[in-house]
Amino acid sequence: MKNIILIAPPGAGKGTQASMLVEKLNMLHISIGDLLRNEVNKQTELGKSLEVRMQTGKLVDDEIIFEVLKSYLKDADLSKGIIFDGFPRNISQAQMLDSLDIKIDSAIYLDVPKSVLESRILGRKTCPNCKTGYNSNFENMKPKVEDICDKCGSKLITRQDDTKDVFENRYETYINETQPVLEFYKNKQILFNIKSLDKDEIFNNIIKIIDNTLPLEGI
Ligand code: AMP
C-alpha cells in the first residue's frame, strides 16, 4: 500500500479527502491537528499547554509534534498505507519524516485560492465522532438536518480556530512555513499538484496518483 502526504492551506479539504480515502481504501489517516485537539479536549498537561497556541493559528513546536507523532505510530497499523494530513508543515518536519522508516510515495498539493478557503473555513462544521465534514456556506455540503451528522447522528461542532482572525494567521503561517515544503517534495520528484475545487474530481485524481496512473507532468 502507498503512503501519501496531503499538503494544502487551511480549508482546502485535506480532512474531507482523507475521510474519503479511509472509506474507500481503509488507509490510516494521521491528522496531527486531530491528535492535538484530542489532548486539548481531554485537558491533559500537554493539551493545556497547546490550547492558546492552537487558538491563535500558530504552529506547535516541532519537538512536541515529533513526540505526538512517534507515540501514535508506535501502536498504529501501518500496513494499509498512511495519509499524513497536516504534517509535515515546515521543512524541519519534512526532514524528520525522512528520518523515519516510512517511505513516502507521493506528496499531493491541493491548490485552492484564498477567497474560497476563507468562505469554507467560516462555514465549516465537523462530526466529532466520525469526522465527516460539512459546510453551511455551500448547499451541497450542508447536512440533511441542521447541525446533525448524516452518517452517525452526532451533533456537529465548529472548531475554535475557524474564525476570520485566526484564519488570517493560519494562512500566513501556511505561506511562510508550509509552502516551502512543496519545493522539498518537488525536488524528490514526488509532488503532485491538484488544482480543482470539486471534491469528487480531486478524489479521483488522488486515487489515480495512488494507483500510479497519473503522470507527474499530467496535472
Ligand atoms: P489542522 O487541524 O491541521 O488545521 O491543525 C490545527 C492546529 O494544530 C494548527 O493551526 C497548529 O496550531 C496545530 N498543528 C497541526 N499540525 C501541526 C504540525 N504538523 N506542526 C505544528 N503545528 C501543528
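**Entry 1. A proline and its loop**

Where does P88 lie? I found P88 in the loop between β3 (82-85) and α5. Helices (H or I, at least four residues) and strands (E, at least two) are DSSP runs, numbered from the N terminus. I then looked up the peptide bond from F87 to P88, and this bond is cis, with omega near -5°.

**Entry 2. Ground rules**

I note that this is a predicted model, in which local features need pLDDT of at least 70 and side-chain atom pairs count only at pLDDT 80 or more, while totals for chains, interfaces and linings use all residues. Residues are numbered from 1 along each chain as its sequence is written, and side-chain values use heavy atoms, with hydrogens and water left out.

**Entry 3. Nonpolar cores**

I looked up the nonpolar cores, a core being a set of buried Ala, Val, Leu, Ile, Met, Phe, Trp, Tyr and Cys residues joined through side-chain atoms within 4.5 Å. Buried means under 20% relative accessible area, exposed means over 50%, and partly exposed is in between (1.4 Å probe, protein chains only).

Which residues have the most contacts inside the largest nonpolar core? They are I30, L69, F84 and Y185, in a core of 34 residues. With its neighbours within four places in sequence left aside, Y185 is in contact with I5, I7, P88, A94, L97, A107, I190 and L191. In soluble globular proteins, nonpolar side chains tend to be buried together.

**Entry 4. Helices α2 and α4**

I examined how helix α2 (residues 32-42) and helix α4 (residues 62-74) are placed. Their axes come within 11 Å and cross at roughly 95°. Therefore α2 is roughly perpendicular to α4. Axes are lines fitted to C-alpha atoms, for helices over the stretch in contact, and angles run from 0 to 180 degrees between N-to-C directions. Angles under 35 degrees count as roughly parallel, over 145 as roughly antiparallel, 65 to 115 as roughly perpendicular and the rest as oblique.

Which residues meet here? From α2 come I32, L35 and L36, and from α4 come I65, V68, L69 and Y72. I sorted the residues of this contact into seven nonpolar, no polar and no charged. In this sorting Ala, Val, Leu, Ile, Met, Phe, Trp, Tyr, Cys and Pro count as nonpolar, Asp, Glu, Lys and Arg as charged, and the others, Gly among them, as polar. L69 of this contact is also among the residues with the most contacts inside the largest core.

**Entry 5. Salt bridges**

How many salt bridges does a search of the whole structure find? The search finds 15, a salt bridge being a side-chain nitrogen of Lys or Arg within 4 Å of a carboxyl oxygen of Asp or Glu.

E45 forms a salt bridge with K48, the closest N and O atoms being 3.6 Å apart. Both residues lie in helix α3 (residues 45-56), three residues apart, about one turn of the helix. E45 counts as exposed, at 63% relative accessibility, and K48 as partly exposed, at 43%.

K164 and E168 are also joined by a salt bridge, with their closest N and O atoms 3.6 Å apart. About one helical turn separates K164 and E168, because they are four residues apart in helix α7.

The side chains of K188 and D98 meet in a salt bridge of 3.0 Å, N to O. This pair links distant parts of the chain, 90 residues apart: K188 is in the loop between α7 (164-187) and β7 (191-194), and D98 is in helix α5 (residues 91-99). K188 is partly exposed at 38% relative accessibility, and D98 is partly exposed at 42%.

I also recorded a network of salt bridges that links R124, R159, D161, D162 and R170.

**Entry 6. Loop residues**

Q43 is in the loop between α2 and α3. Leaving aside its neighbours within four places in sequence, I found Q43 in contact with K48 and E51.

Phi of N26 is near 60°, a positive value in a residue other than glycine. N26 is in the loop between α1 (14-25) and β2 (28-31) and is partly exposed, with a relative accessible area of 47%. K131 is not a glycine, yet has a positive phi of about 70°. I placed K131 in the loop between β5 (124-126) and β6 (133-135).

Technical notes:
Contact = heavy atoms within 4.5 Å.
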